[in-house]
Amino acid sequence: MSQATTKTQRRVSWFEATARQRLAALLDPGSFTEFLGPAAREISPHLALFSLPAQFDDGIVIGKAKLRGHEVFAAAQEGRFMGGAFGEVHGAKLVGLLRAAKAASRDAVLLLDTGGVRLQEANAGELAISEIIRAIVDLRTGGHSVIGLIGGRAGCFGGGGIIAGCCTRLIVSEPGRISVSGPEVIETNRGVEEFDSQDRALVWRTMGGKHRYLTGGADCFVDDDTAAFRAAAIENLAGRTPLTVSVLEAEQARLKARLRRFGTAKDGSEVWQALGVTNPASVPGMDTEEFLNAVRAVRESADDAR
Amino acid sequence: MPGKNWTTQKAALAERIEAGGRYATGKLVQPGDLGEFFEAVLRAGDRVCLEGDNQKQADLLAQALAELNPARVHGLHMVQSGIVLPEHLDMFEKGIAKRLDYSYSGPQSARIARMLFSGKIELGAVHTYLELFARYFIDLTPNVALIAAVSADRDGNLYTGPNTEDTPTVVEATSYKSGLVVAQVGEIVERVPRVDIPGDLVHFVVPAGKPFFVEPLFTRDPAAITETQILTAMLAIKGIYAPYNVRRLNHGIGFNTAAIELLLPTYGEQLGLRGQVCTHFALNPHPSLIPAIEAGWVEQIHCFGSEVGMEDYIAARPDVFFTGPDGSLRSNRAFCQTAGLYACDMFIGSTLQIDLAGNSSTVTTNRVAGFGGAPNMGSDPHGRRHPSAPWLQAGKEADDTTPPLLRRGRKLVVQIGESFGAKNEPLFVERLDALSLAEKLNLELAPVMVYADDVTHIVTEEGIANLLLCRDKDEHEQAIRGVAGYTEIGRQRDRKMVERLRTRGVIQRPEDLGIDPLDADRNMLAARSMKDLMTASGGLYQPPSRFRNW
């Protein structure tokens, strides 16, 4: 058997894992206490109207746990249930968790895997997004960190993309995608000439993990490996920068500069070229170590603001 | 017959060559002159083979043909493998073409059904590839063949590259029967890397300035393989591949067989089957077979066509693939279909509908997808005479009364799928949609992909039905119901009879084979993503853009 095949089997893929498997691998063994678990049967009050199946946890697992001995509040979205989308209960659970973290003066880790808001309960979902943003900002201005981990099948889209933008730090892997409008939405609204959602390599050059890391849209790039996510989460929880007006102003200035610098680029690879990456065409094919070595010096950083 | 002219066809060819030559420099015709060129060489009612199948397409020639003025060129009889490009149907819409004999129409299945229904197309028949090729030599010989190649020299010698596919067959039938051969090529070169088609069979060459279109039809993203598909794959490997020792075979195109390919180096290895099964294939170069090839499972593969992105990998594994002196793959659809028919002991593939008799079809009421090669692979060849262990064993199971020396063997023809398929449509039905379609279009034959009397096994997540062991119609029907899960067909089973069939081994459940469905886990796949496949190939496999999530 080739080396590559055996390697594939040893690694536990974050992309492949369920929400519960990710939490189990991320947190200290046996430390997780779930809030409103499946036994509580807090299911969506709306899905039945559309003859859609419900799930007892409404596609999100929340609770408190330890991460290398430190207590944290954690939430994990299940991308396999309705694409990890936010509904009324799903959203309320995350709002509640973030508020509880604030009350308990703890950091939060969010395992995001979502296509955005559920169309079937859009109003409740959109309201939940705003409440989540408010709760994250409250937690951060209080001096606590909110770490987002993104590398699931559904990516992190729609309201999820905005939530990601509010986190203290984002950890992303290559298959992870972060954006507000998804590929199909862009194609539908602006035409296939603007964006071909079937061209998956283009999608990843535009919103994939490597591109987001290169442009400061994510702070940490890891292998598609639960152990790598854990190590990165521990490392990123260590340093804390409270969210202040001056941090936000610095970020605003950076984003303005970014628009000036890359605004005319037609493709992610042109942005990489402008950043000064040698041989940008080879970026997608690089493994993690190769990639980090090639881009660490030239990538943009988000100055802890997002 | 005194006085009869025996050389009218040669004379007609000479006329066409002379007429076409007015738009050519030597053999070269520029793309901009194609309209006038075609008007000069085509005659109303000509039998035309426009090359194109489920993979490669003579796309430039198709476009030029569809843009002709129907007042000048009309009533063509198209005899071609594939109705795939929109232009293939545009020419019927405009009246440039009238009659059609073909094989495969996957991407145009809905439009061709509408056009057949509205009478825009006069249908001869829908064939399997091999059948249509056969008819090229008997009663559907083309007057003109429009083909595609990678490059040509100025004498018209053609290099077809890894996607040779139908070209030699089409040229053989056309050129040696005084037909005209026109080739589109990506580029004109001083010397072609290898001569796939000798220049004296090719009359005109059109430098297209770009490669012909090829569809990556056989690429299955391992990320989309479900655990139910993994379970059916485990059942097939342990319940069919192992006991019959199936070494020579063809796999269908679906995710179930991709799962089998990806389980060989893991589950198959655990079962100790390396070298015992899956050593020789008639198969396109499926990317999902890379881990098995790398793990030393596969001795030899002959290919119908190539697969986009697999070129460098194939060139680096000439012990496994058929390659030319230039190093690249030589594929040949006609030979590979023949190999699949006569030299393989098993065909396994998925389908959309299976009826109570065991007939299967991929047709739905409003779509005519054609056949391609599956019915040929999935049929028991009565002309076969050489013995092999799986063939003899299947023959014995089907017939335990005839003396062994007079008993035919049987090819294993396995249908594999989940009891509820895509969009939760039941795999098992009382009546095939193909029958409604045949009634609607007044066809003489319903488009059945694999006939009931050819099917030997059906595999679903509920188990394996061995139809060879059924002794009457009742048993046959209950064996099918017995693996039909919670579909209507499955729920109407005679439970007692199904249990009796199970004790006889006609039906085998996962537990009968020592398989725990909970073991069907994606971690069993030797590759779980396109990137894993690329890595397993040592970076030689370069997946097309649309399959990359990096």
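This is a predicted model: local features need pLDDT of at least 70, side-chain atom pairs count only at pLDDT 80 or more; totals for chains, interfaces and linings use all residues.
The contact involves B:Tyr129, B:Leu130 and B:Phe133 on the H6(B) side, while H12(B) brings B:Arg333, B:Ala334, B:Gln337, B:Thr338 and B:Leu341. To find the helices in the structure, look for residues 129-136 and residues 333-342 of chain B. Their axes come within 9 Å and cross at roughly 125°, and the two helices are therefore oblique to each other.

Now for the second pair, H8(B) and H9(B). These are residues 227-244 and residues 255-270 of chain B, and they pack with their axes 8 Å apart at an angle of about 65°. That angle makes H8(B) and H9(B) roughly perpendicular to each other, because the perpendicular class runs from 65 to 115 degrees. The crossing of H8(B) and H9(B) is right-handed. From H8(B), the residues in contact include B:Ile230, B:Ala233, B:Ile237 and B:Tyr241; among those they meet in H9(B) are B:Phe255, B:Ile260, B:Leu263 and B:Tyr267.

Let's move on to where the chains meet. Chain A puts 23 residues into the contact and chain B puts in 21. About 1,800 Å² is buried between chain A and chain B, and carbon and sulfur atoms give 47% of that area.

What about charge pairs? There are 48 salt bridges over all chains of the structure, and the count between chain A and chain B is 3. A residue I'd like you to click on is A:Glu174. Across to the other chain, A:Glu174 forms a salt bridge with B:Lys531, with the closest N and O atoms 2.8 Å apart. Within chain A, the side chain of A:Glu174 also meets that of A:Lys210 in a salt bridge, at 2.7 Å from N to O. A:Glu174 sits in the loop between strand S6 and helix H6 of chain A, and A:Lys210 belongs to helix H8 of chain A, so this pair ties together parts that are 36 residues apart in sequence.

Note on methods. Residues are numbered from 1 along each chain as its sequence is written. Chains are lettered from A and ligands numbered from 1 in the order in which they are written. Side-chain values use heavy atoms; hydrogens and water are left out. Axes are lines fitted to C-alpha atoms, for helices over the stretch in contact, and angles run from 0 to 180 degrees between N-to-C directions. Helices (H or I, at least four residues) and strands (E, at least two) are DSSP runs, numbered from the N terminus. Angles under 35 degrees count as roughly parallel, over 145 as roughly antiparallel, 65 to 115 as roughly perpendicular and the rest as oblique. Contact means heavy atoms within 4.5 Å. Buried area is the accessible area (1.4 Å probe) that two parts lose on being put together, summed over both. A salt bridge is a side-chain nitrogen of Lys or Arg within 4 Å of a carboxyl oxygen of Asp or Glu. A crossing is left-handed if the near helix is turned anticlockwise from the far one by less than a right angle, and right-handed if clockwise.
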